[in-house]
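Biologist: Please show me the model. I would like to go through its chain interface with you.

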Number of protein chains: 2
Amino acid sequence: MKSYPHISLRLSLAPETLLGAGKAALLQGIAETGSISAASRAMDMSYKRAWYLIDTLNGSFAEPLVVSVKGGRTGGGASLTETGRTVLALYRRLENTVRTAAADDLAELAELAKTAEV
Amino acid sequence: MKSYPHISLRLSLAPETLLGAGKAALLQGIAETGSISAASRAMDMSYKRAWYLIDTLNGSFAEPLVVSVKGGRTGGGASLTETGRTVLALYRRLENTVRTAAADDLAELAELAKTAEV
């Protein structure tokens with residue numbers, strides 16, 4: 001359950017290229033499951049869509065964030081590169097930084113909002 | 001011109017009710033012009049759409065943010081209430097707070113992004 005008002009981040013990497021909650025969750029899912037299909041399934045997202053988002057993200061950075069691993073004992077999978085782990089960690093830190101910094105202003109806004117006690 | 005990466009705020013007042021850059025600009029336009037039609041025209045937005053957004057905003061707070069003034073010397077217009085001015089000021093402060101707090105994390109991200117020098 002989310003309380004209101006709350007803020008979320010839209011991080012623009014380039015014109016038309018956002019890194020937001022969805023892409024961050026996808027990166028995190030890949031880090032946790034080692035698989036794009038498992039990560040996308042957990043988000044109720046098609047594999048095709050997940051690949052498109054990852055491709056966009058990879059293209060926005062000097063190094064790719066996600067690499068796929070073919071074959072091997074587990075039959076292949078995907079993992080975050082060091083850049084991918086760094087970007088995900090930065091995004092999470094940015095979320096915390098912003099939420100902490102915004103807390104007082106949001107509390108003032110909540111006093112004016114109808115939904116303050118929801 | 002915007003530089004990248006940069007962040008923008010999505011402030012959720014209630015489920016499905018956002019206060020973002022567009023609504024803030026509309027409130028500011030009304031404060032500056034004293035008119036919904038002038039404010040919406042300056043944003044290339046229909047009057048109908050502007051009214052819809054204002055109605056949504058007004059419904060999200062205990063007091064309305066915008067009131068329309070009928071008749072009088074100027075033939076009517078609209079203005080921000082004290083709550084409207086407070087909410088707009090809070091939103092602007094929140095933007096500044098967040099941008100200041102996020103600056104270091106964004107600078108690190110810019111180093112990893114392809115668009116760092118754009």
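**The interface of chains A and B**

Modeller: Across the interface of chain A and chain B, 16 residue pairs are in polar contact, both residues at pLDDT 80 or more. A polar contact is a pair of N or O atoms within 3.5 Å; within protein, one must be able to donate a hydrogen and the other to accept it, and residues adjacent in sequence count only if both atoms are side-chain atoms. This is a predicted model: local features need pLDDT of at least 70, side-chain atom pairs pLDDT 80 or more, while totals for chains, interfaces and linings use all residues. Residues are numbered from 1 along each chain as its sequence is written, chains are lettered from A and ligands numbered from 1 in the order written, and side-chain values use heavy atoms, without hydrogens and water.

Biologist: Which element gives the most to the side of chain A that touches chain B?

Modeller: Strand S1 (6–14), helix H3 (47–60) and helix H4 (82–112) of chain A each give two or more residues to that side. Helices (H or I, at least four residues) and strands (E, at least two) are DSSP runs, numbered from the N terminus. With 15 residues, the element that gives the most is H4(A).

Biologist: Which residue forms a salt bridge with A:Arg93?

Modeller: The count between chain A and chain B is four salt bridges (a side-chain nitrogen of Lys or Arg within 4 Å of a carboxyl oxygen of Asp or Glu). In the one with A:Arg93, the closest N and O atoms are 2.6 Å apart, and the partner is B:Asp105.
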